[in-house]
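Subject: Structure handover

Hi,

Here is the structure I promised to pass on to you. Have a look at it first, and then read on for my notes.

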Amino acid sequence: MPENLIELKALIINEDEQFLMLWPRANGPVKKKGKNWEIPTGMLGSKSSEQTIGEIVKKACNVKADVLRPVKMFTYKKDGREILVIIFACKYVSGKIKLDKKYSSYRWVDSGKAQHVRPGDAADEEIINLGIE
């Protein structure tokens, strides 16, 4: 029986209601088909969702963000496994952005313009039309 996995994504929102988007390095440790803007992502392990999101954000961009709430859940299949994706809205709190080696740049995107940012994969498509209140 295929293993079920939970993938967590952090939609980090600053005080200007902009989303933090990260650009993967072309020859970084994670090889992707095509390069597109993405949000910090990681797999849920033995810790709580909130703890895991905090670690994902810290590793990806070295900032502190408070988890507000889950805003979207969906599933997709990869390599015969069903993956549950939970996107959490997170409020940027503090810290100067210092990217993990798998990313080469970042930008804050106005929430109203997020639909113009190409998603990183099938799962990231789900952030495009989120209505964060």
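A word on terms before the notes: I call a residue buried if its relative accessible area is under 20%, exposed if it is over 50%, and partly exposed in between, with a 1.4 Å probe and protein chains only. Please keep in mind that this is a predicted model, in which local features need pLDDT of at least 70 and side-chain atom pairs count only at pLDDT 80 or more, while totals for chains, interfaces and linings use all residues. Residues are numbered from 1 along each chain as its sequence is written, and side-chain values use heavy atoms, with hydrogens and water left out.

**Overall layout**

Of its 133 residues, 39% are buried. The accessible surface is about 8000 Å², and carbon and sulfur atoms account for 48% of that; the areas come from the Shrake-Rupley method with a 1.4 Å probe, and for residues only the protein chains shown count as cover. A contact means heavy atoms within 4.5 Å. Among contacts between residues at least 6 apart in sequence, 69% join residues at least 24 apart.

**Strand 1 and its partners**

Strand 1 is mostly covered, with 8 of its 9 residues buried. I count two strands as paired if DSSP finds at least two bridges between them. Strand 1 runs parallel to strand 5, joined by 9 bridges, and Ile6 stands opposite Leu84 of strand 5. With strand 3 (residues 41-43) the pairing is antiparallel, over 3 bridges; there Lys9 faces Thr41.

**The nonpolar cores**

By nonpolar core I mean a set of buried Ala, Val, Leu, Ile, Met, Phe, Trp, Tyr and Cys residues joined through side-chain atoms within 4.5 Å. In soluble globular proteins, nonpolar side chains tend to be buried together. Which residues have the most contacts inside the largest core? They are Ile12, Ile53, Val57, Cys61 and Cys90, in a core of 17 residues. Two or more residues each come from strand 1 (5-13), strand 2 (18-24), helix 1 (49-61) and strand 5 (81-94), and helix 1 gives the largest share, 5 residues. Apart from this core lies another, of 14 residues, including Leu11, Tyr76, Ala89 and Val109.

Ile53 sits in helix 1 and is buried, at 1% relative accessible area. Leaving aside neighbours within four places, Ile53 is in contact with Leu8, Lys9, Ala10, Val67, Phe88 and Cys90. The C-alpha atoms of Ile53 and Ala65, 12 residues apart along the chain, are separated by 8.8 Å.

**Cysteines**

A disulfide is a covalent bond between the sulfur atoms of two cysteines; here I count a pair of cysteine sulfur atoms within 2.5 Å. That gives 0 disulfides.

**Loops worth a look**

Most residues other than glycine have a negative phi, and most peptide bonds are trans. Glu17, in the loop between strand 1 and strand 2, has a positive phi of about 60° although it is not a glycine. Glu17 is exposed, with a relative accessible area of 54%. Asp79 has a positive phi of about 55° and lies in the loop between strand 4 (64-78) and strand 5; this residue is exposed as well, at 66%.

Asn14 is in the loop between strand 1 and strand 2, but counts as buried at 12% relative accessibility. A polar atom of the Asn14 side chain lies 2.9 Å from the backbone nitrogen of Asp16. Beyond four places in sequence, Asn14 touches Tyr92 and Trp108.

Best wishes

Terms used:
Helices (H or I, at least four residues) and strands (E, at least two) are DSSP runs, numbered from the N terminus. A polar contact is a pair of N or O atoms within 3.5 Å; within protein, one must be able to donate a hydrogen and the other to accept it, and residues adjacent in sequence count only if both atoms are side-chain atoms.
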